[in-house]
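Thanks for coming. Please bring up the sequence and the structure, and we will walk through them together.

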Amino acid sequence: SLVATSGTVALAQDALVAVVYPELAEPYRTVFAQMVQGVREVGGASVVPVCLETEVGAGGLGGFLRQSGIKKAIILGRKAIKAAAALGPEVQVVFGGAVLAPSPETKHVSSISLTPDTDQLFAVLRQLAPQVRRVFTVFSPAQSGWLVELAQEQARTRGVELIAQPADDVRASAREHGRQLEALDAKRDGL
């Protein structure tokens, strides 16, 4: 079986494990290739790299895994996670390689998220720049609204005000970052 512990994945001896990832441009392609290589180096399992776009046909990911006799999969990236949402309980999965917000796709699955521990971020900020009292950020409500709520509470406990402005697209994000830069007080603010 697959076991997620402290950022590592332990694989059962002689298991056949698919590592499913989306086709992406550089530098992300290299990152996923390194993840696949890391799984191979863990040892004990036969790793089957599966690129969604080039190796999974009309039968979908579930059909591909069934035909290949694969019952264990490491699913990397948001696109692959969405494709894996339809997998039944006969396939054991671990999700990773994505910022994972609580969702129906991730509710009952082991996962390793790229989401930072916001409390740790503010603790390090206090060590590196203790004079910072306000931190400005722009976020996508759909992707990280849940994290911003948590981060604002954690910032407060560390004596920092997190000023988070939502933006629905890149243009709105750029505009908001410009406004924040204009309002920034270099002696006490961070971005």
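**Helix by helix, core by core**

Let me start at α3. Its buried residues are covered by elements that include β3 (15-21), β4 (45-51), α2 (52-55), β5 and α4. One caution before I go on: this is a predicted model.

Which residues of α3 are buried? They are Leu61, Gly62, Gly63, Phe64 and Leu65. After α3 comes Gly69. Its phi is positive, near 70 degrees.

The chain has 191 residues, and 39% of them are buried. Its secondary structure comes to 7 helices and 10 strands. Take the contacts with a separation of 6 or more: 60% of them join residues 24 or more positions apart. The accessible surface is about 11200 Å². Carbon and sulfur atoms hold 53% of that surface.

On to the cores. In soluble globular proteins, nonpolar side chains tend to be buried together. Here, the largest nonpolar core has 19 residues. Which members touch the most others? Val20, Leu61, Leu65 and Ile75 do. At least two residues of this core come from each of β3, α3 (60-68), β5 (72-76), α4 (78-84) and β6 (92-98). A separate core has 12 residues, among them Val17, Val19, Ala45 and Cys51.

Look at Ile75 for a moment.

Next, α5, residues 118-128. Thr118, Phe122 and Ala123 are buried there. Seen down the axis, the buried residues of α5 fall within an arc of 145 degrees, so they line one face of the helix. The face turned away from them carries Gln120, Gln127 and Leu128, which are exposed. What do the buried residues of α5 pack against? The answer is β8, α6 (141-157) and β9.

Then α7, residues 170-183. How far apart are its end C-alpha atoms? They are 20 Å apart. At 1.5 Å a residue, its 14 residues should span 20 Å, so the two values agree.

Buried in α7 are Ala172, Ser173, Glu176 and Gln180. These residues cover an arc of only 100 degrees around the axis, which means they sit on the same side of α7. The buried residues of α7 pack against β8 (134-139) and β9 (161-166).

What caps the N-terminal end of α7? Asp169 does. One of its side-chain oxygens lies 3.2 Å from the backbone nitrogen of Arg171.

Last stop: Arg134, in strand β8. Buried or exposed? Its relative accessibility is 16%, and the cut-off for buried is under 20%, so Arg134 counts as buried. Its side chain makes a polar contact with the side chain of Asp189, at 2.6 Å. Set aside residues up to four places away in sequence, and Arg134 touches Val160, Glu161, Ile163, Ala183, Arg188, Asp189 and Gly190.

That is the tour. Comments, please.

Terms used
Residues are numbered from 1 along each chain as its sequence is written. This is a predicted model: local features need pLDDT of at least 70, side-chain atom pairs count only at pLDDT 80 or more; totals for chains, interfaces and linings use all residues. Side-chain values use heavy atoms; hydrogens and water are left out. A nonpolar core is a set of buried Ala, Val, Leu, Ile, Met, Phe, Trp, Tyr and Cys residues joined through side-chain atoms within 4.5 Å. Buried means under 20% relative accessible area, exposed over 50%, partly exposed in between (1.4 Å probe, protein chains only). Helices (H or I, at least four residues) and strands (E, at least two) are DSSP runs, numbered from the N terminus. The expected span of a helix is 1.5 Å times one less than its number of residues. The arc is that of the directions from the helix axis to the C-beta atoms. Contact means heavy atoms within 4.5 Å. A polar contact is a pair of N or O atoms within 3.5 Å; within protein, one must be able to donate a hydrogen and the other to accept it, and residues adjacent in sequence count only if both atoms are side-chain atoms. Accessible areas come from the Shrake-Rupley method with a 1.4 Å probe; for residues, only the protein chains shown count as cover.
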